[in-house]
Amino acid sequence: MARLTGRGFGKVRPGRGVVLLCAAVYFLLPLAASVIFTVDVPGQGVNFDVYEQILGAEGFVSSLLLSLELAAATIALVLLLMVPAMVALRLGARRLRPVVEIVCALPLVLPPIAFVAGIATVLKWGPEYFSTTPLFQTFVAVQNPDFPVVLVLAYTVMALPFVYRALDAGLRSIDVPTLVEAARNCGAGWAQALVRAVLPNLRGALLNASFLTLALVLGEFTVAQILKFRPFAVWIVGIGGSEAQMSVAVSVLSLFVTWLLLLAIAAAGGRTPSPTTTEK
Amino acid sequence: MTADTDATDAGAAATDVTEPGATPTATDTTVTPATSAHPGPDAAAPAARSGRRRRVGGGLAVVPLLAFVALAFGIPALAMLDGAFTVKDPVTGASSYGVANVTASVQGAYLTALIGSVKLSAFSAAIGVVCGLLLAQAVVTSRSRVLREAVLTASGVLANFGGVPLAFAFVATLGNSGFLTRRLDLTDKGWSLYSFSGLTLAYLYFLIPLMVLTITPALEGLRTQWREAARNNGATNAQYWRHVALPVLAPSLLGGFVLLFGSAFAAYATAAAMVGSSIPLVTLQIADALAGNVLVGQENVALALSLDMVLVAGLVMAVYLPLQRRSARWLA
């Protein structure tokens with residue numbers, strides 16, 4: 001090969017090595033440096049104290065629990081909304097497919113910061129216009145700091161593009177109409193057909209969608225910070241000012257845990273998460 | 001996004017599969033008298049009716065989703081639009097519709113922030129495109145399947161989930177007391193992470209993987225025959241790239257650029273956690289204005305700025321989708 005075209009092809013090989021090496025350095029160095037930063041205390045040598053302190057840190061457990069609760073609620077809500085709709089699109093409502101596709105892509109056009117600006121405005125309507133109506137209680141309830149429902153709503157919207165793609169990929173690989181017909185012919189009702197015939201075949205896609213949503217919620221910062229709630233990511237930034245080392249340690253841990261989870265799904269599902277943009 | 005064409009195909013295929021199966025057995029359970037209210041050709045009655053019945057049921061399953069999006073997405077979006085065009089009189093407190101906020105959002109400090117964001121996004125997207133292309137080409141041409149899978153999987157993860165942890169990883173590496181900064185005395189050499197170039201370096205951490213994901217299918221679509229044909233006609237490698245590969249890749253590259261641009265433009269968490277508000281960026285300005293940090297009563301300007309952002313993001317999508325479709329032609 002190389003001989004036919006002379007030096008042109010000869011260049012590719014060392015070039016590739018250099019490119020891969022640069023990429024490896026660029027992508028691995030910050031991770032390695034972060035780990036070193038957390039264990040190598042200037043003047044004290046290497047120790048792992050900071051990782052031991054994490055659990056006892058003020059706010060760590062409560063913010064992590066809040067994030068996990070939010071994630072669980074978001075996953076439940078987004079799957080409850082999306083799975084029946086997506087299955088229905090495969091069965092009969094094909095004409096609605098472009099509508100759902102566009103609806104699920106809409107959050108990509110609204111950056112999170114713009115989205116939360118809108119939400120903050122709506123939340124201000126509560127005291128301004130509805131303070132004398134029963135609706136006011138709803139406004140108060142969705143902003144309960146112990147469990148801010150408004151964040152669940154926002155995260156569900158933000159997760160739609162991911163979940164749409166994950167489910168779409170899963171549904172594409174199975175023949176939903178035949179499965180449902182078969183279940184129906186065996187005497188199953190619609191709900192039964194969905195739960196016992198379709199969902200088991202979608203296990204991979206459901207898992208994928210759930211973990212993408214989990215990662216999104218655990219790492220979400222923009223919406224929560226602007227609305228002044230204090231889930232995990234906001235807490236990390238909060239302690240960043242006073243305890244740099246701990247914030248880096250928690251970041252490293254959360255990065256690794258998230259990535260391990262996602263890599264595990266990717267490896268299990270044999271496909272990479274789709275190139276969507278979320279919060280950066 | 002090729003979902004459109006694929007979806008149509010799959011839909012058509014599904015029709016073929018369903019209808020014959022549905023006719024003989026499923027009719028008695030699925031057809032109800034209610035469907036006869038719809039006018040339809042009598043000849044295809046059983047099949048058409050069972051199909052229609054399912055469509056009605058299917059439509060119902062989509063309703064909660066649409067209702068939810070209308071509530072949780074539509075209302076904030078409309079509120080943003082409404083607020084962006086609502087002008088409050090500072091003296092009387094009366095509000096009326098006007099373009100004062102929108103005008104304010106493209107002037108002074110806000111204009112600086114918009115330009116800063118556009119510059120940062122364009123600059124980092126351009127670098128991301130080049131680096132992503134090189135990395136993707138290196139991975140695609142490599143024969144190692146393991147390397148390919150590893151890079152693509154890692155890209156999927158890195159492109160989507162950075163945010164706050166990523167910012168802190170960079171602070172630990174290249175921040176004022178970061179690992180590399182201390183080891184290499186970078187501060188003395190004029191390096192600062194909390195600057196335009198520092199942010200670019202951090203943004204590339206998720207932009208390059210995004211580019212790898214976007215461009216890999218296009219690179220895989222480059223057929224060996226084209227390269228061989230060019231070579232047989234006496235073209236050098238450089239000529240092949242200039243006259244064959246790059247023109248074919250052009251829509252994908254441009255599409256990748258806008259996608260990266262949009263991603264960098266919308267990024268907030270990384271910048272907020274890393275630099276605070278020392279760099280003029282539109283996302284940081286919106287956050288400041290919303291929090292009333294700078295001036296009280298700037299909330300509506302924040303909404304106008306958000307509207308500006310939505311316009312840019314919409315423009316990005318409007319450019320990206322046709323390009324994506326165009327480049328998909330070559331991948332068939």
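**Note on a predicted two-chain model**

1. Helix α6 of chain B covers residues 163-174, twelve residues, and at 1.5 Å a residue these should span 16 Å; the end C-alpha atoms are 17 Å apart, which agrees. The expected span is 1.5 Å times one less than the number of residues. Helices here are DSSP runs of H or I with at least four residues, strands are runs of E with at least two, and both are numbered from the N terminus.

2. This is a predicted model, in which local features need pLDDT of at least 70 and side-chain atom pairs count only at pLDDT 80 or more, while totals for chains, interfaces and linings use all residues. Residues are numbered from 1 along each chain as its sequence is written, and chains are lettered from A and ligands numbered from 1 in the order in which they are written.

3. How much of α6(B) is buried? Twelve of its twelve residues are, among them P165(B), F168(B), F170(B) and L174(B). Buried means that 20 or more other C-beta atoms lie within 10 Å of the residue's own; with 12 or fewer it is exposed, and in between partly exposed, the C-beta atoms being placed from the backbone. Over the 332 residues of chain B, 44% count as buried.

4. Chain B has 13 helices and two strands. Of its contacts with a separation of 6 or more, 70% are between residues 24 or more positions apart. A contact is a pair of residues whose C-beta atoms, placed from the backbone, lie within 7 Å.

5. For chain B, an unreviewed UniProt entry places "transmembrane region" at residues 59-81, 120-140, 152-174, 194-219, 240-268 and 301-323. UniProt positions follow the numbering used here, feature names are shortened, and annotations may be inferred rather than shown by experiment. In the model, residues 59-81 of chain B are 100% helix and 0% strand, with end C-alpha atoms 30 Å apart. Residues 120-140 of chain B are also 100% helix and 0% strand, and their end C-alpha atoms lie 29 Å apart.

6. In chain A the same feature name, again from an unreviewed UniProt entry, is placed at residues 70-91, 103-127, 147-164, 205-227 and 247-270. Residues 70-91 of chain A are 100% helix, with 32 Å between the end C-alpha atoms. For residues 205-227 of chain A the helix content is 87%, and the end C-alpha atoms lie 32 Å apart.

7. Between the chains, 87 residues of chain A are in contact with 87 residues of chain B. On the chain A side, the largest share, 14 residues, comes from helix α2 (residues 7-39). That side has 55 nonpolar, 20 polar and twelve charged residues. Nonpolar covers Ala, Val, Leu, Ile, Met, Phe, Trp, Tyr, Cys and Pro; charged covers Asp, Glu, Lys and Arg; the others, Gly among them, are polar.

8. Chain A is divided into domain 1 (13-47) and domain 2 (60-269), with bounds from an automatic or database domain assignment. Their centres, taken over C-alpha atoms, are separated by 33 Å. Four residues from domain 1 of chain A and five from domain 2 of chain A make the contact.

9. Where is confidence lowest in chain A? Helix α1 (residues 2-5) has the lowest mean, 42, and helix α4 (residues 60-91) the highest, 91. These are pLDDT values, the predictor's confidence in each residue from 0 to 100. Chain A averages 81, and 89% of its residues score at least 70. Over residues 271-279 of chain A pLDDT stays under 50, and the model has 39 contacts beyond four places in sequence for them.

Technical notes
Two residues are in contact if their C-beta atoms, placed from the backbone, lie within 7 Å.
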